[in-house]
Amino acid sequence: MGMGWRSFSRDLLEPLPQKVRESSPLAAPEAEGPSASAFRFSVQPGGYFGARDGWRFQVFANGFGGPLLGGVAGGPSSAGGAQTGLRLDYALGDLVIGAFGRFGSLQAEAGAVSDVGVPFEGRSANGTLAGGGVLMQFSKPRWFVGAALGGDALTTDQPFGISSSNAIGARYSTASVGGSALHLATHVGGRIRLSDRQVLEPSALLTLTSLSLGGATVFDGFTNRFWSVPASSSTVGTADIGVTWRAPLPQGRNLLTPSVRLSWLGAGFLGQVPPNGVTDETALATTLPAGPISQSGGLGLQAGLAYTLKDNTTFFIRGGAGFYGAGTAWDVGGGVQLRWGGSTPVVRRQGEGIRAIHGQSLNAPTGPGQDGGWRALRPLPPSVRKPGSLPLQRPRQRGNRRCPPAAPRRCRHQTSSGPGRPAAGPGCRPDRAPPAPARRC
């Protein structure tokens, strides 16, 4: 459970790269000309992980495995599993609040043991889990902090191996038990700018899992007794402390972000440890051999790749390994994140320098002979402004677009009416300048 929660919380709490709003002070100029997208590349790499807005929905899955117990005669134990998760969150600037759910399956393989001169085969136990929780993140371009709290209901196998002097060999059976788990994870770190397209993130991911399992009882005919494993409670903590290198690279209007992480990994029981005794609930009892969690410390190496489209839809994959004295653990995963809502998108009209953001209208001349700069601004009417927006200004205009200055009209001269005298005609009089034609915009 602890291994699964660590790999799950990594996908849950690590922010994915996103392009910034056009209105953000970190927005870079659009190098490829006007775009209908409201998002821009960032002038600094940390900006891709900072301020956001709107809704995000993420679907992801991962698998994991590795050594579990060491020091047991006959061979070590291992555990693994696969899980899928859903995350829905809403961003208010630097603050993100959301909820998540997950479903998964677990498998543990017990190593063979020899006790009181009797060899016991290795047995496997399968389990399923389902649950959810809440999360909160606060992310700036230079630092971040996040936390998640969740719970799972689970069902798992409890294998038994029984040997007695009145029978040859061991007898095996499996009971089903239920339980629950409470999880806590926190993720904190900083961002150091290496260049315009590289950032270094020293960070720590710490997790805590409190697991409670019900007891299990089986009847053995050779001993004519009921044998039981009592209910148990245990707590496992994990740590992932290291540094991540990221390089957001513009690809056309999209963003490609490779990453590599080097870290120290640790895991161990904190306080309570599951009991390893089997009893007949009278005087007879036996103690099963067991060893400590072998993942007490190791070196972690992880790599990832995220691809962000111009509308901030993001696809990502991750994979990594933990190198321990008892063996190598692994985890791999990926998913997709969708985004919608938030600030009013940029509205562009062909042939006009107009954009509208939060009920503000900024009109700039688009060609020579049209003031050559920004025009005088006047307040937008309340019916047009978004509630709460500032009463900014807009340029004077006729109808729904600016009218360019009228070009002067000239009358055609004819020498038949006398030297230098204009010819009479519609809109042209000999004794005055021709009037400008009426214009409608």
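Leaving aside neighbours within four places in sequence, Ala-148 is in contact (heavy atoms within 4.5 Å) with Trp-5, Leu-12, Leu-13, Phe-100, Val-134, Leu-135, His-183, Leu-184 and Ala-185. The model is predicted; local features need pLDDT of at least 70, side-chain atom pairs count only at pLDDT 80 or more, and totals for chains, interfaces and linings use all residues. Residues are numbered from 1 along each chain as its sequence is written, and side-chain values use heavy atoms, with hydrogens and water left out.

Ala-148 also belongs to the largest nonpolar core, which has 13 residues. A nonpolar core is a set of buried Ala, Val, Leu, Ile, Met, Phe, Trp, Tyr and Cys residues joined through side-chain atoms within 4.5 Å. Buried means under 20% relative accessible area, exposed over 50%, and partly exposed in between (1.4 Å probe, protein chains only). Trp-5, Phe-8, Leu-12, Phe-100 and Ala-148 touch the most other members of this core. Helix H1 (residues 2–13) contributes the most, with four residues. A second, separate core has nine residues, including Ile-162, Ala-175, Val-218 and Val-278.

Helices (H or I, at least four residues) and strands (E, at least two) are DSSP runs, numbered from the N terminus. The protein has one helix and 26 strands. In H1, 12 of the 12 residues are buried, so the helix is largely enclosed by the rest of the structure. Among them are Trp-5, Arg-6, Arg-10 and Asp-11. The expected span of a helix is 1.5 Å times one less than its number of residues. For the 12 residues of H1 this gives 16 Å; the end C-alpha atoms are 16 Å apart, which agrees.

Thr-156 lies in strand S9 (residues 143–163). Its relative accessibility is 16%, so Thr-156 counts as buried. A polar atom of the Thr-156 side chain lies 3.4 Å from the backbone oxygen of Asn-126. Beyond four places in sequence, Thr-156 is in contact with Asn-126, Gly-127, Ala-175, Ser-176, Val-177 and Leu-213.

Strands S13 (residues 216–220) and S14 (residues 225–229) pair in the antiparallel sense over five bridges; pairing requires that DSSP finds at least two bridges. Ala-216 stands opposite Val-229 in S14. Four residues separate the strands of this hairpin, and Asn-224 takes a positive phi near 55 degrees.

Across the protein, buried residues make up 41% of the 441 residues. Of the contacts with a separation of 6 or more, 63% join residues 24 or more positions apart.

Definitions and conventions:
Polar contact = N/O pair within 3.5 Å; in protein donor to acceptor, adjacent residues only side chain to side chain.
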